[in-house]
Structure formats: C-alpha cells, structure tokens
Amino acid sequence: MNNLVILPVLIPFFTGALLILFSKKQRIQKIISSISSFVILAVAIYLAVYVYQNGITVLEVGDWPAPFGIVLVADMFANIMVILSAIVGVVCLFFTFQTISPKREKYYFYPFYFFLLTGVNGAFLTGDLFNLFVFFEVMLIASYVLIVHGGTKYQLRESFKYVIINVFSSMLFLVAVAYIYSITGTLNMAHLSERVAELEQAGALNVVAVLFFIVFAIKGALFPLYFWLPRSYYGPPAAIAALFGGLLTKVGVYAIIRTFTLIFYHDAGFTHKGIITAIAGFTMLLGVLGAVSQFNFKRILSYHIISQVGYMVMGLGVYTTLAVAGAIYYIVHHIIVKSALFLFAGATEKITGTNDLKQMGGLLKTHPYLAWMFFITALSLAGIPPLSGFFSKFPIILSSFQEEQYVIGGVALLVGLLTLLSMMKIFSYVFWGKQKHTEEQAKYPAGKLLLPIVPLVALTIILGLAAEPIFSYSLMAAEQIMDPTHYIDSVLKE
Amino acid sequence: MKQLKTNNVMLHTLVRIVSFVVLAFSIYLFFAGHNNPGGGFIGGLMTAAAFVLLYLSFNMKTLKKALPFNFDLLIGGGLLIAFLTGVTSMLFGFPFLTQFFEYVQIPFMGEVELTTALPFDLGVYLVVLGAALTIILTIAEDDK
C-alpha cells in the first residue's frame, strides 16, 4: 500500500478541476498549470526512485484486496512512461504559452490539457484491464476536445474521422474485455496472467489476444489501421500536435507491450514472431514511404510517427530481453525527439506562416540556432551515432539478427536510411536555399520559441552520450516485464 | 424563425407542480445511493431533467433567473468535492478512496447511516447536473 502511486494521476486531475473554476482568468491559469506540471514531473521522478529502491509498488484503491478491487501498479516500465509524459507535459505547456491564441486559451484549453495527462498517466499505472479502458476513455475524450479546439474547418472535418475511428476501437476494446472476462472470470492483469497461464492460452484466448492487438493497433497507428493519423495530427496547433505525436500513440504501444508480455505470452511463435513482427515490418516501411512522398513539414513528421511505432513493436515481436529493452529505450527516445520535431514545425510555422516545404527556405541564415538544433534532432531521429536514435535502433536490429529474423532486420535498416533521406529533405528545403520569407519575418525573434525545445534537444544528446546507464535501466525494466512472476507476486502477494 | 410567445396555461400549471415532484424524487434517489438503486449520477440527471422541464415550459430568461450562476462552476466544484473526499482518506494514511461509515442517532430521523461515500456522490451529482445542463442549454441557445 502506497499512495504515492496514484499521485501522478491525481495531481493533473486536481489541476484540471481547479482550472475549470478559473477558466476566464488566463494569468491564474498559466501560473497554476505551470506549477502543477513541474510538481507532476517531480512526483514522477520521486516515484521512479522509490520503485527503483523498493521494487514494484502497488496501491489497492479503497483498501479492497487485489483481485477484487482496483489496483494501481508502478513497475519500472510504467514509471519510465510516467516520467516521459511529465517531461512532454511541461515542455508542450510552455510552448503553448508562446504560441496559442488568446481565443483558444479562454475555452478550457488548460483543463483538458491536464485531463489528458490524467488519462495518459492512469493508463500507464493501472493494473486492471477494465480501468485501462476507463483511462483510455478519459484520455480520448480530452483528446477529442483538444484536437478540435479552435474549430477551424479542417480541424472539424478531420477530427470527425478521428472521433469515429476511436469510438469504434473503444467499442472493440469493450468487447474484447467482455470476452476475456467470460473466459477467465477476472480483469485484474496479474490474476489474468495466472489464469491464462493455467489455460495455456489455448483456443479462443488466441482470438481474444489478437482482438486486443487490433484495438491497441488502432490507437497506436499500426499497419493497416494508421490512415487516420497523418491527417488528424495535421489540424491542431503545434503544441497539441507535439503532445499527441509524442504521447498518445505510445499509450497504445505501451498497452501492446504490457498485455503481450504479461498476459498473452504463451504462444509467442504465433502472436509475437508471426503477427506482430509482420505488422511491424509493414508499419515501418509504409510509414516511411509515406513520409518520403510528402512535402509538408507536419505531415512528414506524422508519417514518421507511424514508421517509428513499427520499430517499437518490432522490438516486442523479436521478443528477447535485449529487444524489449531496445523497444523501451526506443519509446524514451521517440517521445522526446518526436515532440521536439513537432515543436520545431510549430516554430517554423510561427516564423514563416506556412508548413509547405516548397514555400520555405533559407532559415539557416536568419535563424541559425533553430536550424542547428533541428539538425541535431533530425539526425537523432534517423539514428546517427552518438545520438539517442542510434542506441535505440541498435539493440533491436542486433537481436533480430541474433534471432535469425533477417528480413525484419533488413527492413529496419532500410527504413533507417529512408528516415535519414526524408529528414535531410526537410533540412535542405526549410533551412538551405534561397530565403523565401520576408525580411519582417526574418527578424522574428526565435529565442522564446526555442526555450521550451532546448531541454528536449539536450535530452536526446544526453540519452546518446550517457547511453550506458540509461540502457542498463531499460534493460532492468525489460527483465522485470519479461518475467511476469515479479508483477504477479507483487500484486497478489503470494 | 421568430418564436411565438404562447401562454400555455395547462403546461405552466402542470410543470409548476411536476418539477417539484421530480426535484424531490431526485433528492430521494441521491440519498438512496450506494446501498439501494440510485446515487449521484442518476440523481443529477433527474435534477437536470426538472430544470429542463422548466426551460421547456417557460424560457431561458426565467430559468437563468431561477439559477443565477454559471453551470461550469458546478462541474469544477463537483470534481473538486469528489477529489477531496478521496484525498481525505489519504491524509489519514489509508489508500485513496477508502470508505468509512458509521450509524448515528439523529433526533427526529432515528438511526442514520453516515458514510464518506456521500460527499463523493455529491461531487458526482454536481458534475452530472452541471454537464447535463451545459450540454442541453448550449444546444437550446443555438436555436435562436
């Protein structure tokens, strides 16, 4: 029993509720939300230290014992995710202060921002499949509001599709939960893991496993269900696109990794090495091809999300401790770098007023800091050593070759090259070449815009240079989730 | 289209009585919760139904006169009440949302069960009431 576990969920919830009361007073809103975002970060780090020292920490909400009540479980993997969501939460919030229009600010932007964080953190920490559904809903409803917030014509059209696809997948989620409850009679994840092990994941359970995979694949934008992502992430302002692009799809990936290491791991030949690996390959390849064919800053980034999600899922598909550790490290790297890139897209849009690569150029001369910071981040995404992208791709591809899965390893290498190509395309169009923006735009001070991005760029460099301790931490997290008995023992206390 | 100002005597007379019955029943439902069918959610919806009934038979101006506050505050306040109920048990060293109850003798009412689930339910009640009224009346205002 430790109430610390629920704090990353409670603080954003409290902040969101409080901010509703101050919805028309922008100054107070800004002060409250910035204090709160730092408190969340501090609590997340403290929780991580606590879990590192004391092992998996469990909270039984309302004092109801484990398989009957609701549990929140903080293991190392969940903790990494909570810290990341807190970091992205802080950064995107401060970028929002710089870029958002007062008109949007007045209409409950900040409350929903924090409700979104509530849902995301809840989904990471819950130890109960039905509560995973609930927190997904909390997150999605907040995201529906944020994605349509501002109400431009494009946003309304695209977010309609976003809502439809997510409502559909939520219904599918509920059906899958009902199926597994009727087969096993429990929804506590640790208890489920025990019972599925007793049944040896035979017969209908494999169907349920694949059903869960489809649900999370829609949320995580995997092949062939990624079509909604590039268009809907294009609509909202950059700070929101960064938050979504960095965090939301990764909640789906987190749920896939959690369920397929804790519950459905008995038939790895069929689920992991068969379905998941094949889908990861297609996701990577088609995602990056989509990116190469685009000429719009934000759209290229959106397609890259898809191809990167493929890498993470591939780490799970290869299913060795090293590969899963690689996948965890990849998630860390991806959330940081992708949020940073989206914020860069927002910054260049703020300066030049466009997202079209062909209408930009010569920013290197007028805004050199922006250009070189983007350059570092872009190289990191493509996986150039010594940045974090290299150390996240390396273990995944290495273990795919060790497991003699040469095809998927080869695809991953090819996708890395294409990623580099499309990142360099952005760099050469936006920052090189003739200056296409006006002199007035050239004088726009980029310092304030860059300030929130600096920590992210610094983090990707640190993640690369200090890869050893961070990778060994994710290796520990991977060992913890690859052996479900740790999780089961700490939840059910047997 | 300009709305016709009708003076519907039957509706007005009925609504004046019925809305009181609905309100009373919603309060009964609210207190019946957590052991019997009822609770904050359904109670809040029922209260909202009573107010919407008033809106339908009179108009927006009358309703605003009867409820002169912003419904958003209900949502925020309700969330905070529910939150604080959960946190209170944390302050005493119990897990979040732990429930306590006690049977107390209150004059005129006899033995009454007092639980900490009640303030939590009150929070839910306010959130549901605020949300339902905001949704319905926002759409209704669009009509003009």
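Phe244(A) is buried, with a relative accessible area of 0%; buried means under 20%, exposed over 50% and partly exposed in between, with a 1.4 Å probe and protein chains only. This is a predicted model, in which local features need pLDDT of at least 70 and side-chain atom pairs count only at pLDDT 80 or more, while totals for chains, interfaces and linings use all residues. Residues are numbered from 1 along each chain as its sequence is written, chains are lettered from A and ligands numbered from 1 in the order in which they are written, and side-chain values use heavy atoms, with hydrogens and water left out.

Next comes the overall build of chain A. The chain has 23 helices and two strands; these are DSSP runs numbered from the N terminus, with helices (H or I) of at least four residues and strands (E) of at least two. Chain A is as compact as a globular protein of 494 residues, because its radius of gyration of 21 Å is close to the 23 Å from the globule rule. That radius is taken over C-alpha atoms, and the rule is 2.2 Å times the number of residues to the power 0.38. Along the principal axes, the C-alpha atoms of chain A fill a box of roughly 70 × 55 × 40 Å. Of its 494 residues, 63% count as buried.

Among the contacts in chain A with a separation of 6 or more, 82% are between residues 24 or more positions apart.

Aromatic rings are the next topic. Rings of Phe, Tyr and Trp (its six-membered ring) pair if their centres lie within 6.5 Å; planes under 30 degrees apart count as stacked, over 60 as edge-to-face and the rest as tilted. Over all chains, the count comes to 49 aromatic pairs. In one of them, Tyr233(A) and Phe244(A) are edge-to-face, 5.9 Å centre to centre with 65° between the planes. Tyr233(A) lies in the loop between α10 and α11 (238–262), and Phe244(A) in helix α11, so the pair ties together parts that are 11 residues apart in sequence. Tyr233(A) is buried, at 1% relative accessible area.

Phe25(B) and Tyr28(B) form a stacked pair, 6.0 Å centre to centre with 25° between the planes. Both lie in helix α1 (residues 9–32) of chain B, three residues apart, about one turn of the helix. Phe25(B) is partly exposed at 40%, and Tyr28(B) is exposed at 52%. Back in chain A, one aromatic cluster includes Phe130(A), Phe173(A), Phe212(A) and Phe264(A).

The backbone has some features to look for. Most residues other than glycine have a negative phi, and most peptide bonds are trans. A cis peptide bond, with omega about -5°, joins Phe223(A) and Pro224(A); Pro224(A) is in the loop between α9 (204–220) and α10 (228–232). The bond from Pro385(A) to Pro386(A) is also cis, with omega near 5°, and Pro386(A) lies in the loop between α16 (368–382) and α17 (388–402).

Glu200(A), in the loop between α8 (189–199) and α9, has a positive phi near 55°. Is Glu200(A) buried or exposed? At 61% relative accessibility, Glu200(A) counts as exposed. Tyr319(A) has a positive phi near 60° and sits in the loop between α13 (297–318) and α14 (321–352). Tyr319(A) is buried, at 14%.

Conventions
Contact = heavy atoms within 4.5 Å.
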